[in-house]
Amino acid sequence: MAKTERPSIFLAERAPLKVTFLVFSGASIMCVASALDPLRAANRITGETLFDYRLVSVTGDAPVTTCGLPVAVSGRFDSAEAVDMLVVIAGFGTQNYATSALLAGLRRAARTARAIGGVEAGTWLVGRAGLLEGRNATTHWEDMEDFTAAFPDTDVRPDRYVIDGPVFTSGGASPTFDLMLHLVRSRLGMAVALDVASVFIYDQARAATDAQPLVSLGRLDGYDPRLAQAIRLMEAHVDQPLTIAAIAKRAGVTARTLESIFRTSIDETPGAYYLRLRLGAARRLVVDTRIAMADIAERTGFSSAAAFSRAFSKAFGEAPTKVRGG
């Protein structure tokens with residue numbers, strides 16, 4: 001820890017922690033809940049307000065999450081307000097919120113807060129404010145490549161969440177729950193953290209440094225490791241697809257056995273699943289970025305923009321240019 005940095009909030013400490021959640025429209029309701037509910041549960045379990053939290057927005061109006069549900073807030077974000085921890089939660093449309101006034105406000109808040117961080121696309125706002133320079137950070141896996149390019153002075157990692165001094169970043173809803181459990185465990189002990197996890201019947205099976213997967217397999221890993229291994233190989237080779245025979249060989253089975261595993265488990269052939277995985281990645285790039293179609297085709301393993309457009313149109317019923325334009 002640098003001499004100019006304040007002590008971490010991730011340490012044994014029973015004093016109440018004042019937390020502000022700055023929520024933006026376009027955020028996921030799951031990210032909001034994953035950030036907030038573990039702290040609420042810890043307060044209920046201990047019978048004390050050890051996490052004194054409030055939700056705010058930039059304007060003071062209720063931000064609307066991606067599922068259409070508004071989030072009730074107690075007021076407008078005040079960068080001069082004394083807080084211990086500021087959590088920026090954002091999702092789609094983040095580029096529209098990165099005004100000079102907001103970024104200046106985040107920098108001002110960071111000078112006095114003991115910790116500041118971003119959840120999912122909130123990491124972009126923290127980065128735009130210059131708070132990630134010279135630090136380790138992460139973001140949602142969909143944005144990893146663009147995020148790395150946007151912040152060359154940041155060591156961007158594919159971890160679920162990253163804590164670097166007074167700055168923390170989280171890749172999404174589930175990693176944020178992990179992060180908040182880590183905060184509870186660090187401050188209040190393992191017993192309270194286990195009780196919080198039990199409230200949500202939550203089994204934390206991942207470490208902070210585990211890489212974010214493109215496909216969340218959940219308990220699938222435990223049912224058939226060969227299926228999980230095959231899917232992991234597919235997601236690791238979206239830009240340069242492997243043959244099904246090569247995937248089967250690496251998974252230690254024959255191509256016929258792999259096809260049987262896929263049909264039994266997900267009622268789809270390995271080839272069809274692989275194509276759907278690549279097209280899903282392509283559609284996210286079409287909808288959420290301005291990357292050229294030829295570059296999207298290359299990133300998702302198609303031989304040409306024309307081949308990509310044909311496959312995309314067949315899968316989604318519209319050409320990628322029309323989807324982006326609409």
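This report walks through a sheet, the helices beside it, and two further helix regions of a predicted model.

**The sheet**

Six strands form an open sheet with mixed pairing. Their order is E2-E1-E3-E4-E8-E7. Strand E2 (51–56) and E7 are the edge strands, and each pairs on one side only. From one strand to the next, the twist averages 15 degrees.

Helix H1 (residues 29–46) packs on this sheet. H1 touches strand E1 (17–23), E2, strand E3 (85–90) and E4. The direction of H1 makes about 150 degrees with that of E2. Another helix, H5 (residues 173–188), lies across E1, E2, E3, E4, E7 and E8. H5 runs at about 45 degrees to E7.

**Strand E8 and its partners**

Strands of a sheet pair through backbone hydrogen bonds, either parallel or antiparallel. E8 shows both senses: parallel with E4, antiparallel with E7. The pairings compare as follows.

| Strand paired with E8 | Sense | Bridges |
|---|---|---|
| E4 (residues 115–120) | parallel | four |
| E7 (residues 161–164) | antiparallel | four |

Threonine 169 of E8 has a partner in each of these strands. Glycine 118 is bridged to threonine 169, and valine 162 stands opposite threonine 169. Phenylalanine 168 in E8 has glycine 117 opposite.

Which way do the side chains of E8 (residues 167–170) point? Val167 and Thr169 point one way, Phe168 and Ser170 the other way. All four are buried.

E7 and E8 form a hairpin with two residues between the strands. There, glycine 165 takes a positive phi near 65 degrees.

**Helices H8 and H9**

How do H8 and H9 cross? The axes of helix H8 (residues 225–236) and helix H9 (residues 244–251) come within 9 Å and cross at roughly 130 degrees. That angle makes H8 oblique to H9. The crossing is right-handed.

From H8, the contact uses Arg226, Gln229, Ala230, Leu233 and Met234. From H9, Ile244, Ile247, Arg250 and Ala251 take part. By class, six of the contact residues are nonpolar, one is polar and two are charged.

**Alanine 282**

Alanine 282 lies in helix H11 (residues 270–288). Is alanine 282 buried or exposed? Its relative accessibility is 0%, so alanine 282 counts as buried; the cut-off is under 20%.

Beyond its neighbours within four places in sequence, alanine 282 is in contact with Ile296, Thr300 and Phe308. Isoleucine 296 is 14 residues from alanine 282 in sequence. In space, their C-alpha atoms are 6.2 Å apart.

Notes: Residues numbered from 1 in each chain as written. Predicted model: local features only at pLDDT ≥ 70, side-chain atom pairs only at ≥ 80, totals over all residues. Heavy atoms only, no water. Buried < 20%, exposed > 50% of the residue type's maximum accessible area, 1.4 Å probe, protein only. Pairing = 2+ DSSP bridges. Axes fitted to C-alpha atoms, helices over the stretch in contact; angles between N-to-C directions. Parallel < 35°, antiparallel > 145°, perpendicular 65-115°, else oblique. Left-handed = near helix turned anticlockwise from the far one by under 90°. Contact = heavy atoms within 4.5 Å. Nonpolar A, V, L, I, M, F, W, Y, C, P; charged D, E, K, R; others polar.
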